[in-house]
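Please prepare a briefing on the ligand site and the pockets of the structure shown here.

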Amino acid sequence: LPYTPDPARYDGRMPYRRTGRSGLRLPAISLGLWQNFGGTDVFETGRAILRRAFDRGVTHFDLANNYGPPYGSAEENFGRVLATDFAAHRDELIISTKAGWDMWPGPYGQIGSSRKYLIASCEQSLTRMGLDYVDIFYSHRVDPDTPLEETMGALVQLHRQGKALYVGISSYEPGLTRQAAAILAAEKVPLFIHQPSYSILNRWIERDLLDVLDDLGTGCIAFSPLAQGMLTNKYLGGVPADTRATRGGSLSQSLLTDQNLGAIRTLNAIAERRGQTLAQMAIAWVLRDPRVTSALIGARTVEQLDDALDAVGTLDFSAEELAAIDSAAAD
Ligand code: NDP
């Protein structure tokens, strides 16, 4: 069936937040295609999740060159959905991709951040997605063996060529973030956004990075706000089949210790008192700081996505709730 997006998608349920001091707003919740959208996943499931997200006001989709598996296949699948369902809506979408981790054989597409790798990878990503440009292109990681000037120079080039409307960095620590921004600024390219990990269980960005971003006027999109599924109610009654922790995926079962599960149980009770699921509270929690532009979630099913997106119903916290969350789980 041809897809017609929900005409009520911009009716005010999804907040859009200004990205740093740029002119662009991102949805409070964005969707990432790291897992569940690859060639080994069911295409129609991923497509249904993407459609539902767009129907509910999610205008930002985050990719990387190697999301899959196999590498590249999340971009290819996203390209298919773009060509069909979203073809008439390109200008309603913010699409990002990245390079920096392992991608193609040989010395130029491996973990690293050379000009060669970033420029070639961006070209490949555009081809896989069927795009002329991405909205955001990221340096996915710091490469200690590449001068920062070289990596930032590649971002500047992509920006000047119009292949990336905005540029960003991911997981750079505060000092290197400042240096990167200064190199870009000298070329009149703003550091638009930083993509770090952040959740109730992982608060490293509160130690300096958020202050630095605020100072630079750079936005912040927080990845894995659900701690890869730990900050949901799914592990409270044991480890169900078909989760990241059971498929030999990126969430190590060794993290599901009695101590962590105890904390999750306490957090779940706090969420229930707020009339929310734990997933919703975990997302609202990362958004409680206005310097966090967007919470970047993943979803394996439409039901998970719907649960997560309902977080926007209750974003505010009382001081008592925040204190209770801190005493249940500070990192
Ligand atoms: P989350 O912390 O949101 O974890 C998503 C996973 O949690 C889902 O795949 C699902 O796992 C589970 N889940 C989600 N919603 C629910 C729910 N309502 N109830 C129960 N379980 C739920 O984020 P991700 O780790 O997926 O990361 C999100 C995005 O961030 C990525 O797609 C990517 O775009 C980006 N990212 C960037 C990185 C970087 O280096 N820049 C690194 C990592 C992520 P399950 O299959 O177990 O059900």
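A polar side-chain atom of Asp 62 lies 2.6 Å from an oxygen atom of the ligand, a polar contact in the sense of a pair of N or O atoms within 3.5 Å. This is a predicted model, in which local features need pLDDT of at least 70 and side-chain atom pairs count only at pLDDT 80 or more, whereas totals for chains, interfaces and linings use all residues. Residues are numbered from 1 along each chain as its sequence is written, and side-chain values use heavy atoms, with hydrogens and water left out.

**Ligand contacts**
- The backbone also takes part, with a polar atom of Trp 34 at 3.0 Å from a ligand oxygen and a backbone N or O atom of Gly 229 at 3.4 Å from a ligand oxygen.
- Taken alone the ligand exposes 910 Å², of which the protein buries 95% (Shrake-Rupley method, 1.4 Å probe).
- Among the 31 residues around the ligand, those that come nearest are Asp 62, Lys 234, Arg 244, Arg 300 and Asp 307 (a residue is near if one of its heavy atoms lies within 4 Å).

**Pockets**
- The largest pocket has a volume of about 970 Å³, a pocket being an open set of points on a 1 Å grid over the protein atoms alone, where a 1.4 Å probe fits, with protein on both sides within 12 Å along at least five of seven lines.
- Of its 50 lining residues (an atom within 4 Å of a point), Ser 224, Ala 227, Gln 228, Gly 229 and Arg 244 are the closest to the centre of the largest pocket.
- The second largest pocket has a volume of about 300 Å³, and Trp 34, Gln 35, Asn 66, Gly 68 and Pro 69 are the closest to its centre of the 13 residues that line it.

Note on methods. Polar contact = N/O pair within 3.5 Å; in protein donor to acceptor, adjacent residues only side chain to side chain. Points joined across faces, edges and corners; volume = space filled by probe spheres on them.
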